[in-house]
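Here is a short briefing for a first look at this structure. Keep the sequence and the model open while you read.

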Amino acid sequence: MHTQDLLAADTGMGAVTLRVADLDTMVTYYRDGVGLSVLTNAGGTAVLGRGTTPIVVLEHAPAMRHAAPHEAGLFHTAILFDTQADLAAALYSVATKYPRTFTGSADHLVSNAFYFTDPEGNGVELYWDRDRTEWSWTHGMVDMATIYVDPNAFVQEHLTQDALSLAGSRPGRVGHVHLSVGDVATAKAFYVDRLGFATTAAMDDQALFVSAGGYHHHMAMNTWNSRGAGRRQQALGLGLVRIEVPGADDLGALVSRMHDTGVQTADDGRTVAFEDPWANRIEVTTPGRG
């Protein structure tokens with residue numbers, strides 16, 4: 001792939017929108033459990049984040065059905081913390097208040113991660129990155145693994161009172177978004193060949209990890225629960241994935257690429273929107289347009 005066909009190195013992820021049946025319960029989970037602050041909550045939509053950075057947007061959609069277990073959609077929203085103390089505070093908070101939502105932990109070599117499922121079945125990853133100088137690459141692919149991390153030991157080693165008491169005002173953002181898809185080859189054709197991410201890791205026909213600018217991954221797609229899934233119908237769960245590119249030229253290049261490869265886009269003057277092959281809605285914007 002030519003450099004001009006790649007997303008800009010400074011590309012990142014924006015807030016993830018979830019359609020929810022019980023707005024109050026979900027706001028409480030992400031606020032009191034995960035440790036996000038409520039930035040706005042009006043008209044059936046709540047925005048939660050850290051500091052002034054939105055991380056999740058919860059849209060009240062009580063008339064919608066729950067998605068079937070093997071449909072395409074969200075695997076998890078991954079919230080990235082700047083420090084191990086901030087991650088420990090979030091881990092301690094959600095594990096203490098919602099212990100039954102904890103699903104696992106891992107040292108991925110590039111990061112430490114802890115996994116949960118929110119009250120409506122949406123996956124949540126809380127993680128901290130090691131410095132990029134500590135990452136290893138082999139033939140252009142980042143070395144990652146899944147090694148057990150004791151969550152209690154992690155909290156005991158890294159938790160501080162400041163990180164716990166000031167959680168909502170501390171830094172944090174969406175680090176990556178992981179999707180459930182029908183097949184990896186189609187995901188690669190869309191997210192790499194059309195959208196412009198670079199492949200950073202792959203697990204045969206089971207999972208694909210992609211990024212911009214040499215990050216370990218901004219997005220991932222797997223078929224672990226969804227092999228063969230087709231286009232999504234309207235349902236609770238994932239509503240929108242946001243990608244942020246640095247400038248108008250980067251956005252224009254993306255629009256040209258999508259047009260040249262037959263992907264229909266809509267531009268309302270602030271964001272460029274389109275759907276992936278499973279009808280997951282993607283919006284791309286720049287800091288000046290969002």
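Which residues are exposed on the other side of α3? They are N152, Q156 and E157. This is a predicted model.

**Helix α3**

- Helix α3 covers residues 151–158, and its buried residues are P151, F154, V155 and H158.
- Seen down the helix axis, these buried residues fall within an arc of 95°, so they line one face of α3.
- An α-helix has 3.6 residues a turn, so residues three or four places apart point the same way.
- The cover over the buried residues of α3 includes α2 (84–97), β7 and β8.
- D150 caps the N-terminal end of α3. One of its side-chain oxygens lies 2.9 Å from the backbone nitrogen of N152.

**Nonpolar cores**

- In soluble globular proteins, nonpolar side chains tend to be buried together.
- Here the largest nonpolar core has 64 residues. Y30, L58, L126, M219 and F274 have the most contacts inside it.
- A second, separate core has 14 residues, including A106, A113, A201 and A207.
- Leaving out residues up to four places away in sequence, M219 touches M13, H176, V177, L179, Y191, F197, L208, F209, V210, V241 and I243.

**Aromatic pairs**

- A pair of aromatic rings is described by the distance of the centres and the angle of the planes.
- A search of the whole structure finds 8 aromatic pairs.
- One of them joins F102 and F116. The ring centres are 5.4 Å apart and the planes stand at 65°, so this pair is edge-to-face.
- F102 belongs to strand β7 (residues 102–107) and F116 to strand β8 (residues 111–117), so the pair ties together parts that are 14 residues apart in sequence.
- F102 is partly exposed, at 29% relative accessible area. F116 is buried, at 2% relative accessibility.
- F190 and Y191 also pair: their ring centres are 4.9 Å apart and their planes are at 80°, so the arrangement is edge-to-face. Both residues are buried.
- Y29, Y30 and Y98 form a cluster linked by ring pairs.

**Two buried threonines**

- T17 sits in strand β2 (residues 16–20). It counts as buried, at 1% relative accessibility.
- The side chains of T17 and R242 are joined by a polar contact of 2.8 Å.
- Beyond residues up to four places away in sequence, T17 touches V57, E59, G237, L238, G239, L240 and R242.
- T11 is in the segment before β1 (12–13). It is buried too, with 4% relative accessibility.
- The T11 side chain reaches the backbone oxygen of A8 at 2.8 Å.
- Setting aside neighbours within four places in sequence, T11 is in contact with A212, H218, I243, E244, V245 and P246.

**Domain record**

- An unreviewed UniProt entry lists "domain: VOC" for residues 12–129 and 173–290.
- Over residues 12–129, the chain is 21% helix and 47% strand. The end C-alpha atoms of that stretch are 15 Å apart.

Definitions and conventions. Residues are numbered from 1 along each chain as its sequence is written. This is a predicted model: local features need pLDDT of at least 70, side-chain atom pairs count only at pLDDT 80 or more; totals for chains, interfaces and linings use all residues. Side-chain values use heavy atoms; hydrogens and water are left out. Rings of Phe, Tyr and Trp (its six-membered ring) pair if their centres lie within 6.5 Å; planes under 30 degrees apart count as stacked, over 60 as edge-to-face and the rest as tilted. Helices (H or I, at least four residues) and strands (E, at least two) are DSSP runs, numbered from the N terminus. Buried means under 20% relative accessible area, exposed over 50%, partly exposed in between (1.4 Å probe, protein chains only). UniProt positions are given in the numbering used here, feature names are shortened, and annotations may be inferred rather than shown by experiment. A nonpolar core is a set of buried Ala, Val, Leu, Ile, Met, Phe, Trp, Tyr and Cys residues joined through side-chain atoms within 4.5 Å. Contact means heavy atoms within 4.5 Å. A polar contact is a pair of N or O atoms within 3.5 Å; within protein, one must be able to donate a hydrogen and the other to accept it, and residues adjacent in sequence count only if both atoms are side-chain atoms. The arc is that of the directions from the helix axis to the C-beta atoms.
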